[in-house]
Amino acid sequence: MREAVRALYDRNRQRGHAAWCACDYDFVCPSMGTYPFQWFWDSCFHAVALSHFDRERARSEVRSLLKNAQPDGFVAHVTFWQREAFEEMLKTYSIAYRTPYLSDCMQPPLLAEAVQAAAGGEGGRKFLEEVLPRVRAYYDWLDRVRDPDRDGLIATLQPDESGLDHTPKYDAYLGIEGTELQDFIDAWDRVAAPYAAVGRDPAKMFGLDRFVCEDVLVNTIYAENQRVLADLLGSAGDDAGARALRARASRTVEGLVSKCYDAEAGLFFDLAGRREHRLRVNTISSLMPILLPDLPPRVVARLVSHVTDTREYAAPFPVPSVAMNEPSYAPGVVGTKLVWRGPTWMNSNWYLARGLRRHDRDDLARRIEDRSGAPVEGAGFREYYHPATGEGSGAHDFSWTGIVLDMLAASAPED
């Protein structure tokens, strides 16, 4: 698998010089056929996978991602390094731009995990000294700009900011009744169009209350990465920074448990709008807090019961992105271009397996890890997989699926 991922990342490697910012770039794109640019959370997963066979390329991935970090700390969810070569493709994207070369959106904030993976080995301390100020500024931006009610939970302002673009948990909130791609494009436009009228000013966007979602998946990743950043700051001698980030991480976990956990259902649900209405749809997000090491044992036990339920998530090729007994579960999305409505994804499996190991469920973690490797071996590096058959769908040569390498390393540690 290591050699297969290496070959994939060679095929999808993008290197060059961008005249628009006078910077060189070197990154792995998600897929040459559909996503040739640099996406934020994709690059973070790529850095983790790269750390298993080319630490310097892992660092280049992070450096490229951070080269256009803004003075306020913001890092775009897409950098269009080589935009001019793909203008026709861009016409098919629903994207809000900060500049012609940078999107004006965030994505799940796993930057600290990427930095931690890239910083291992020789030269790691120098790399940390180079990137940590911008990494800290990014998490400060999230805390300052995306948490206006100061409950420790950051909010997304568009459905695509969670990375779960078409997930059914947003359907009712967005007023979506159909399952055609145009239904979702129209819903995105209903949210994003009014933002243009207020200059995409975050405070005014929150004030419009068009789409304000304290997303469980996003905030689980946020909590984990604040903790990881605290460790990185501590290792660099910034004890005050480490204490501050640990306190923030604890506040985020507290917010998730106190506001998003439904004890009756034994699941976590997103909070929508100014009134923080719970989006009660059983999706992969509802399980994600199992990643958190300080989650109460009673909550862990309930989440495990869902992971092991054959009516919900214990599919032959786990873990489906929507519970199999949800009415909106739709694993056969071939040709629809709708994502996160049922199929299994490697990045969510990566998080769930790690969480299960943290809570002494190595047996379940190993099953997810092993069953994640099987469809990749059978169908190649696809964007997502059918939970019942392992059939691959979506983009071909999809790079973040290479995160399976890190899962297999956890199951069978490398030399």
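# Exercises on a predicted model

C260 is buried, with a relative accessible area of 1%. The model is predicted. Work through each task with the structure in view.

## Exercise 1: C260

Task: State which helix holds C260, and find which residues C260 is in contact with beyond its neighbours within four places in sequence.

Solution. Start with the helix. C260 lies in α11, residues 239-260. Next, check the burial. Buried means under 20% relative accessible area, and C260 has 1%. Now list the contacts, leaving aside neighbours within four places in sequence. They are L153, V216, G255, L267, F268, F269, L271 and R278. R382 is 122 residues from C260, and their C-alpha atoms are separated by 32 Å.

## Exercise 2: Helix α3

Task: Check the span of α3 against its 12 residues, then find how many of them are buried.

Solution. Helix α3 covers residues 55-66. The expected span uses 1.5 Å times one less than the number of residues. For 12 residues this should give 16 Å. The end C-alpha atoms of α3 are 17 Å apart, which agrees. Now turn to burial. In α3, 9 of 12 residues are buried, so the helix is mostly covered. These are R57, A58, R59, S60, E61, V62, S64, L65 and L66.

## Exercise 3: Rings around F37

Task: Classify the pairs that F37 forms with W39 and with F80.

Solution. The model has 29 aromatic pairs. Take F37 and W39. Their centres are 6.3 Å apart, with 40° between the planes. That pair is tilted. Both F37 and W39 are buried. Now take F37 and F80. Their ring centres lie 4.9 Å apart and their planes stand at 70°. Planes over 60 degrees apart count as edge-to-face, so this pair is edge-to-face. Then place the two residues. F37 is in the loop between β2 and β3, and F80 is in the loop between β4 and α4. The pair links distant parts of the chain, 43 residues apart. F80 is buried, as is F37.

## Exercise 4: Helices α10 and α13

Task: Describe how α10 and α13 cross, and name the residues that meet.

Solution. Two packed helices are described by the angle and the distance between their axes. The axes of α10 (residues 216-235) and α13 (residues 346-358) come within 13 Å. They cross at roughly 65°. The crossing is left-handed. From α10, I221, E224, N225 and R227 meet Y351, R354 and R358 of α13. Finish with R354. It lies over the face of W350, at 4.2 Å from the ring centre.

Methods: Residues numbered from 1 in each chain as written. Predicted model: local features only at pLDDT ≥ 70, side-chain atom pairs only at ≥ 80, totals over all residues. Heavy atoms only, no water. Helix = DSSP H or I, 4+ residues; strand = E, 2+ residues; numbered from the N terminus. Buried < 20%, exposed > 50% of the residue type's maximum accessible area, 1.4 Å probe, protein only. Phe/Tyr/Trp six-rings, centres within 6.5 Å; stacked < 30°, edge-to-face > 60°. Lys NZ or Arg CZ within 6 Å of the ring centre and 35° of its normal. Axes fitted to C-alpha atoms, helices over the stretch in contact; angles between N-to-C directions. Left-handed = near helix turned anticlockwise from the far one by under 90°. Contact = heavy atoms within 4.5 Å.
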